[in-house]
Amino acid sequence: MTTLPQVHLPDVLTLVQWPTPRKLNQHYAEVKLDSDSWLRSFGAFDDSSQKAFDKCNFALLCGLGYPLLDKDCFRAACDLMAFMFAVDEYTDKVDSDGVRVNVDTVMDALRNPHVERPPGESKLGEIARQFSLRCIEVTSVSSQRRFIAAFEEYVHAVIDEAADREKGRIRGIADYLELRRLTIGGYPSFLCLELGLDIPDDVMEHPGVKSLFSLLAETVVFTNDMYSYNVEQARGDNHNIIAVVMKEKGVDLDGALTWVAASYEEVLSRFQAQHRMLPSWGPAIDAAVNELVERLRFWIRGHDCWSFESERYFGTEGVEIQTLRSMTLLPKVKVTPASVVA
C-alpha cells in the first residue's frame with residue numbers, strides 16, 4: 001500500500017503574534033438559522049451543492065470574521081456570504097459565455113432591487129435582488145456605491161478565471177495575485193466591515209485606507225489558497241497560489257508553502273505599518289478608523305479559524321489539523337460536476 005505524503009501547514013498568525021484573538025459574534029446561532037433558511041428557500045441547488053454549502057458554514061465565517069456587528073448588520077453579512085456562494089456555484093459550472101450571462105443578471109438585480117425579476121431567469125437574479133434590499137436597510141448610499149463597484153470587479157474577474165480554466169492556463173505569480181485578489185471575493189465582503197461606522201467618503205477613499213483593504217484582500221488569498229490547496233490539487237484545479245509558485249519557481253510543495261508563508265508574513269507586517277502611518281482626521285473620525293482597522297484584524301483571525309472549524313477544506317479533521325499543522329496529501333480523484341437549478 002502506498003503511503004501518502006504528509007504536508008506541514010505554516011502557522012503564520014502565531015509566528016507574527018497576531019494581536020486579535022478568536023471571537024464569535026453573539027448573534028451567530030440565531031442568525032445562521034435565518035440566513036441558511038433564506039438561501040434554501042430558493043431551491044437553487046441540487047443535493048450535492050446544498051451539502052457543499054452546509055459544510056462550508058459561511059455563517060460561521062461571518063461570526064468569526066465580523067464578531068462586532070449588531071444583529072441586523074450581521075444578518076446582511078451572512079446573506080452576502082450565502083449569495084456569493086451561489087454566484088460561485090453557478091459560475092463554476094459554465095463556460096465564460098455562461099458566466100457573462102449570470103454576471104449581467106446579478107448586476108442588474110443589484111442595481112435595481114425594487115424591480116421584479118423576469119420569469120424564466122436564473123435564480124441568481126432573485127437571490128441578488130433580495131440581498132440588495134436587505135443591504136439597503138443597513139448601509140449608507142456611499143457604502144452601497146462602493147459595494148456595487150467592488151462586486152462588479154469581482155464578477156468580471158470571475159469571467160477571466162473561467163477563461164483561464166477553459167484554456168488550462170496557469171498564470172505567473174504577479175498576474176495570478178492581481179486576478180485572485182478580485183476572484184477571491186474579498187472586496188465585496190469587506191463592505192460588512194464598515195457597517196455602523198460613520199466614516200466620511202474622503203477618509204474611506206484615502207490611499208492609506210485603501211491600501212489596508214488591498215493588503216487584507218491579499219491575506220484572504222494566501223489563507224484560502226494554503227488551506228484549499230489539498231482538495232484542489234486532488235481534483236486537478238490549478239487556480240491556486242501554491243500551484244502557481246511551484247510552476248514559476250520550480251520548487252516542490254514544501255518550497256511553495258515556505259514562499260507563501262514568507263509572503264503572507266510580509267503582507268501582515270505591511271498592514272500593521274500602514275495603520276501606523278495613517279494621518280489624523282480628528283478625534284471622532286480617528287476613533288472610527290481605529291475601530292475599522294480592529295475589525296480588519298478580526299477578519300484576518302476569523303478567516304483563519306473558520307478554515308479549520310468549518311468542513312470546507314479539511315472535513316471533520318480541521319481542528320486536529322489546526323493543532324498539529326500537518327495533513328495527508330489527498331490522492332487525485334475524478335470529479336463529476338455538481339448541478340445548479342436555473
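Which helices each supply at least two residues of the lining of the second largest pocket? I looked this up in a predicted model, where local features need pLDDT of at least 70, side-chain atom pairs count only at pLDDT 80 or more, and totals for chains, interfaces and linings use all residues. Residues are numbered from 1 along each chain as its sequence is written, and side-chain values use heavy atoms, without hydrogens or water.

**Second largest pocket.** I found that H8, H9 (173-183), H10 (186-189) and H12 (207-234) each supply at least two lining residues, helices being DSSP runs of H or I of at least four residues, numbered from the N terminus. A pocket is an open set of points on a 1 Å grid over the protein atoms alone, with protein on both sides within 12 Å along at least five of seven lines, and lining residues have an atom within 4 Å of a point. I noted a volume of about 480 Å³, that is, the space filled by probe spheres set on the points, which are joined across faces, edges and corners. Of the 19 lining residues, Arg146, Ala150, Tyr187, Lys210 and Phe213 are the closest to the centre. H8 gives the most, with 6 residues.

**Cavity.** I found 1 cavity of 30 Å³ or more, a cavity being a set of points where a 1.4 Å probe fits but cannot get out. Its lining includes Tyr66, Cys192, Arg295 and Phe298.
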